[in-house]
Amino acid sequence: MSTPIQGFSKLSKEEKINWIADNYTDNSDTTKQILKKYWNTDNKLQKLHDEFIENTISNYYLPFGIAPNFLINDSLYAIPMAIEESSVVAAASKAAKFWLDKGGFKTKVLGTQKIGQVHFIFKGSSEKLQEFIDEIKPIFINDSKSITLNMEKRGGGITSIELRDRTNKLDNYYQLHCKFETLDAMGANFINSCLEQFATTLKREAQTCTLFNEDEKGIEVVMSILSNYVPECLVRAEVSCPISELEIEQSVSPKEFAEKMVRAVKIANVEPYRAVTHNKGIMNGIDAVVLATGNDFRAVEAGIHAYAAKDGSYKSLTHASLEDGIFKFWIEVPLALGTVGGLTRLHPLVNLALEILQKPSARELMQIVAVAGLAQNFAAVRSLVTTGIQEGHMKMHLLNILNQMNASDDEKKTLIAYFKKNAATHNAVVEALQNLRNKS
């Protein structure tokens, strides 16, 4: 059993690698070789990557791909996607191509407000507390001027501060529920700095408030932190066309396909077990673009899944309808994104991804990301209600299986051609490769 280590963060990169390899892996030499293979040969670039996080010992690569032919609000985009899952980029590209000559994707930002809260304990009259908060709102704003000055110059800043009584949920628990406009920045640092100043102001002003008795003056701030639930930072994306244009498979009529799509979405809207997988497919598209553009996919995931459960049960994020001969498929999703700050200025591939997207504002990026999620969902549900999900997925997974079995380039070429006409299950691929090798 390994013993705890003191001062690991103070070790050199080489010393960290030696320690982890010697103490936690079976073959320390192989471990060291693998880790160093993924170092960038450009020392300056590698140093940049080393300093993104603590205790860095190597880089972890994800494929960086492109899904082309996305027509969004009459502009054509090629969308960068960083993801490891087979078929995601192909599925998104297929959906983009399908809608390209049908008007493409239409999008609209419905709101950009972000939320932060000061959580505190107050043992006293809620009426007096409300009066106190109303009185000191200008002081909150004035005390945070040094933080908000630059943001306000660009048109952003604090948009509201309100008291929320949560004593029915937890004894003596209240919030300052605050809204912010952060423009092209995701704004986490800005929001948290404002909230911490609000907390300082709250406690200070309470000490001299003539409305309060001595016990009420002792407001206890528990924490001050932004929320990743952003139901007012919302974007809508949709596609639509006459039902007659939904020519998908020869075996399925456009009308039947449209009805199957609507029914599948309705199932995801009423059955949480299906909704989770349905929405996971949406996140395949969303997360891939969020990662490629250097945004926080964990925050996006948390906020979106909370939004999916906003009505009391977990539901589909997409919707579909048939009205007056028109098929419509759309999504409304909260997305708090940034195109300045964080990795967007530091990571060369993030910079390149944003350049490929024509240097979008945060609002524009929200729309692009929502489209990626909608396209991915359309492609997945289309497969589910027609050929089934495995046919396309396993053919995309074929190369992974062949690489695991060390197939040669000639073997890959032969088997890729073979499985264009045959089901590509794992066992079928293994058997086909063995048969091919037995013949040679």
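## Briefing: surface, rings and charges

The accessible surface of the protein comes to about 23200 Å². Carbon and sulfur atoms account for 50% of that surface. This is a predicted model. The protein has 15 helices and ten strands. Its C-alpha atoms fill a box of roughly 90 × 70 × 40 Å along the principal axes.

**Overall build**

- Of the 440 residues in the protein, 44% are buried.
- Take the contacts with a separation of 6 or more: residues 24 or more positions apart account for 70% of them.
- Glu-364 and Val-262 are 102 residues apart along the chain, and their C-alpha atoms are separated by 28 Å.
- Glu-364 sits in helix α12, which covers residues 362-385. Glu-364 counts as partly exposed, with 38% relative accessibility.

**Aromatic pairs**

- The whole structure contains 18 aromatic pairs.
- Phe-8 and Trp-19 form one of these, a tilted pair. Their ring centres are 5.3 Å apart, with 55° between the planes.
- Phe-8 lies in the segment before α1 (13-24) and Trp-19 lies in helix α1, so this pair ties together parts that are eleven residues apart in sequence.
- Phe-8 counts as buried because its relative accessibility is 19%, and the cut-off for buried is under 20%.
- Ring pairs also build a cluster from Phe-98, Trp-99, Phe-257, Phe-327, Phe-329 and Phe-378.

**Lysines over rings**

- Lys-16 lies over the face of Phe-8, at 5.9 Å from the ring centre.
- Lys-13 lies over the face of Trp-39, at 4.0 Å from the ring centre.

**Salt bridges**

- Side chains of opposite charge can pair when their charged atoms come close.
- This structure holds 21 salt bridges.
- Lys-13 also forms a salt bridge, with Asp-50 as its partner. The closest N and O atoms of the two are 3.1 Å apart.
- Asp-50 lies in helix α3 (residues 43-50) and Lys-13 in helix α1, so the pair ties together parts that are 37 residues apart in sequence.
- Lys-280 and Glu-85 meet through their side chains in another salt bridge, at 2.7 Å from N to O.
- Lys-280 is in helix α9 (residues 272-292), while Glu-85 is in the loop between β2 (75-82) and α4 (88-100). This pair links distant parts of the chain, 195 residues apart.
- Lys-280 is partly exposed, at 39% relative accessible area. Glu-85 is partly exposed too, at 26%.
- Glu-216 forms a salt bridge with Lys-128, and their closest N and O atoms are 2.7 Å apart.
- Glu-216 is in the loop between α7 (188-207) and β7 (220-227), while Lys-128 is in helix α5 (residues 126-143). This pair links distant parts of the chain, 88 residues apart.
- Glu-216 counts as buried, at 5% relative accessibility.
- Asp-143, Arg-204 and Glu-205 are linked in a network of salt bridges.

**Nonpolar patch**

- Phe-64, Ile-66, Leu-349 and Leu-352 form a nonpolar patch on the surface. Together they have about 300 Å² of accessible area.
- Strand β1 (64-72) and helix α11 (348-356) each supply at least two residues of the patch.
- Leu-349 is in helix α11. Leu-349 is partly exposed, with a relative accessible area of 39%.

Technical notes
Residues numbered from 1 in each chain as written. Predicted model: local features only at pLDDT ≥ 70, side-chain atom pairs only at ≥ 80, totals over all residues. Heavy atoms only, no water. Phe/Tyr/Trp six-rings, centres within 6.5 Å; stacked < 30°, edge-to-face > 60°. Helix = DSSP H or I, 4+ residues; strand = E, 2+ residues; numbered from the N terminus. Buried < 20%, exposed > 50% of the residue type's maximum accessible area, 1.4 Å probe, protein only. Lys NZ or Arg CZ within 6 Å of the ring centre and 35° of its normal. Patch = residues over 30% accessible without salt bridge, like charges linked within 9 Å, V, L, I, M, F, W, Y side chains within 5 Å. Areas by Shrake-Rupley, 256 points an atom, 1.4 Å probe, with all protein chains shown as cover. Salt bridge = Lys/Arg side-chain N within 4 Å of Asp/Glu carboxyl O. Contact = heavy atoms within 4.5 Å.
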